[in-house]
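Have the model open beside you as you read.

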Amino acid sequence: MGILLLVLLAGAGLAYLWYTKIIGRRNTALEALSSIDVQLRKRHDLIPNLVAMAKRFMTHERELLDRLTEQRAKAAEPYSRHDPRAVEQHLADEQALQSSLVRVLAVAENYPDLKSDRTVMEVQEGLEEVEGHIAAARRFYNSAVTELNNSVQIFPGNIIAGWAKVEPMPYFELEDSAMRAPVDVGALMDKP
């Protein structure tokens, strides 16, 4: 009888340790998500300046700038950090915003007056810096999500996670095919 009690206590202790590991990893993933949100908010704050400056020069690109503004508003909407589906939608909205931002910056290359404007250059430098911070935060977040997802999908973590109502979280991946496309160095070398 004593051995059975000892085995049950050891099992309960191990289950508790696994539970604390899952909760700790979930909290680390949420902390990493908060870091991403801080950097994304910085990007959101720079976009109105870029749009305002671009509207002065890019009169034929009004639709593109309006789309960027709409996507910024959608990406800035509040979401539930504890709901993996809401997080996934938020990250998808951010990816769409990033794609629009890349398109605007690519089209801006066709406007020499815009490219040479000091304020626009400062905004672009700020965006480049923020994008670097976002990339670093994305790596930290995806690493934390991998740890969490592994611990809630592998037995006995999957059972304990079900009791604790902890679900796997989505990754924040780079989905824009244009950003993943290989660089044609030959074409770059042919440019004047």
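This is a predicted model: local features need pLDDT of at least 70, side-chain atom pairs count only at pLDDT 80 or more; totals for chains, interfaces and linings use all residues.

Residues are numbered from 1 along each chain as its sequence is written, and side-chain values use heavy atoms, leaving out hydrogens and water.

**Helix 2**
- Helix 2 spans residues 62-75 and has 14 residues; helices here are DSSP runs of H or I with at least four residues, numbered from the N terminus.
- Leu64, Leu65, Leu68 and Ala75 of helix 2 are buried (under 20% relative accessible area, with a 1.4 Å probe and protein chains only).
- Those buried residues fall within an arc of 100 degrees seen down the helix axis, so they line one face of helix 2 (the arc is taken from the directions from the axis to the C-beta atoms).
- On the other side of helix 2, Glu63 and Glu70 are exposed (over 50%).
- The buried residues of helix 2 pack against helix 1 and helix 3 (84-108), where contact means heavy atoms within 4.5 Å.

**The core**
- The largest nonpolar core has 45 residues, and Leu50 and Leu68 are among those touching the most other members (a core is a set of buried Ala, Val, Leu, Ile, Met, Phe, Trp, Tyr and Cys residues joined through side-chain atoms within 4.5 Å).
- Helix 1 gives the most to this core, with 14 residues.

**Ala52**
- Ala52 lies in helix 1 (residues 2-57).
- Ala52 counts as partly exposed because its relative accessibility is 44%, between the 20% and 50% limits.

Note on methods
Helices (H or I, at least four residues) and strands (E, at least two) are DSSP runs, numbered from the N terminus. The expected span of a helix is 1.5 Å times one less than its number of residues.
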